[in-house]
Amino acid sequence: MVYVGIPKGQADQEEEVLKTIQDGDSDELTIKRFTESREKPGALWHIYAAKDTEKIREFLKKVAEEQGQENPVDHDPIHDQSWYLDRSLRKRLHQEYGVQGWAIVQFLGDVVFIPAGAPHQARTGTRLQPDHRADVHNLYSCIKVAEDFVSPEHVKHCFWLTQEFRYLSHTHTNHEDKLQVKNVIYHAVKDAVGILRANESSLSRP
């Protein structure tokens, strides 16, 4: 978070931001950073463990059915970004499926890492998604720098997401493989093999 612009003389907005942080299930230390340390909060994140993705998907389908909505085969309640888990839905998710996420307020200068496959959401519209894009609820006008990366530890999650995208409709915004995971794996292996061959003579020495 490289910039947070807080308007002067707008106490009402400050109270609204505090309420949003509290309603977002933020912990006391986070709230004190805003109220006592007077740090500048830029964005509110809700992040869930990748292992809970299927439970979240099942829960969203259940809620959709309760509201008389359809669940087409070539659509996904997470990738469609058609739901926002407000406080009541987050409570239901925890009670009925045992799934609880993390509420993170990103202040000026903070960095947030989102593991591959971890669903995260924003407050404006639906931003619950387990991919590489960062969508959050901006508390004030802010500028943030986002970077995607594939680490060896999370290649399997990235590949799994690519497979999920293939089953979405061809008109879906997430249908294409934006990360190009197969190309990343291919070139990583190619470089590794090239380095090993270049140093083959030295490696074979006793």
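Reader: How many salt bridges does the structure hold?

Author: A salt bridge is a side-chain nitrogen of Lys or Arg within 4 Å of a carboxyl oxygen of Asp or Glu, and the structure holds 12 salt bridges. This is a predicted model, in which local features need pLDDT of at least 70 and side-chain atom pairs count only at pLDDT 80 or more, whereas totals for chains, interfaces and linings use all residues. Residues are numbered from 1 along each chain as its sequence is written, and side-chain values use heavy atoms, with hydrogens and water left out.

Reader: Which helices and strands does the protein chain have, and in what pattern?

Author: Helices (H or I, at least four residues) and strands (E, at least two) are DSSP runs, numbered from the N terminus. Here the protein chain has 7 helices and 6 strands, and along the sequence they follow the pattern β-α-α-β-α-α-β-β-β-β-α-α-α.

Reader: Which residues are linked with Asp25 in a network of salt bridges?

Author: The network of salt bridges links Lys19, Asp23, Asp25, Arg87 and Arg90. Within it, Asp25 forms a salt bridge with Arg87, where the closest N and O atoms are 3.3 Å apart. That pair links distant parts of the chain, since Asp25 sits in the loop between helix 1 (11–23) and helix 2 (28–35) while Arg87 belongs to helix 4 (residues 87–97), 62 residues apart.

Reader: What is Arg90 in contact with?

Author: Contact means heavy atoms within 4.5 Å. Leaving aside neighbours within four places in sequence, Arg90 is in contact with Asp23, Gly24, Asp25, His46, Tyr48, Tyr84, Leu85 and Gln121.

Reader: How many residues apart are Glu96 and Arg92 in helix 4?

Author: An α-helix has 3.6 residues a turn, so residues three or four places apart point the same way. Glu96 and Arg92 both lie in helix 4, 4 residues apart, about one turn of the helix, and their side chains meet in a salt bridge of 2.8 Å from N to O. Glu96 counts as partly exposed at 37% relative accessibility, and Arg92 likewise counts as partly exposed, at 22%.

Reader: Where do the buried residues of helix 3 fall, seen down its axis?

Author: The buried residues of helix 3 are Thr53, Ile56, Arg57, Phe59, Leu60, Val63 and Ala64. Seen down the helix axis, they fall within an arc of 165°, so they line one face of helix 3; the arc is that of the directions from the helix axis to the C-beta atoms. Just after helix 3, Gly68 takes a positive phi of about 75°.

Reader: What share of the protein chain counts as buried?

Author: Of its 206 residues, 38% count as buried.

Notes:
Buried means under 20% relative accessible area, exposed over 50%, partly exposed in between (1.4 Å probe, protein chains only).
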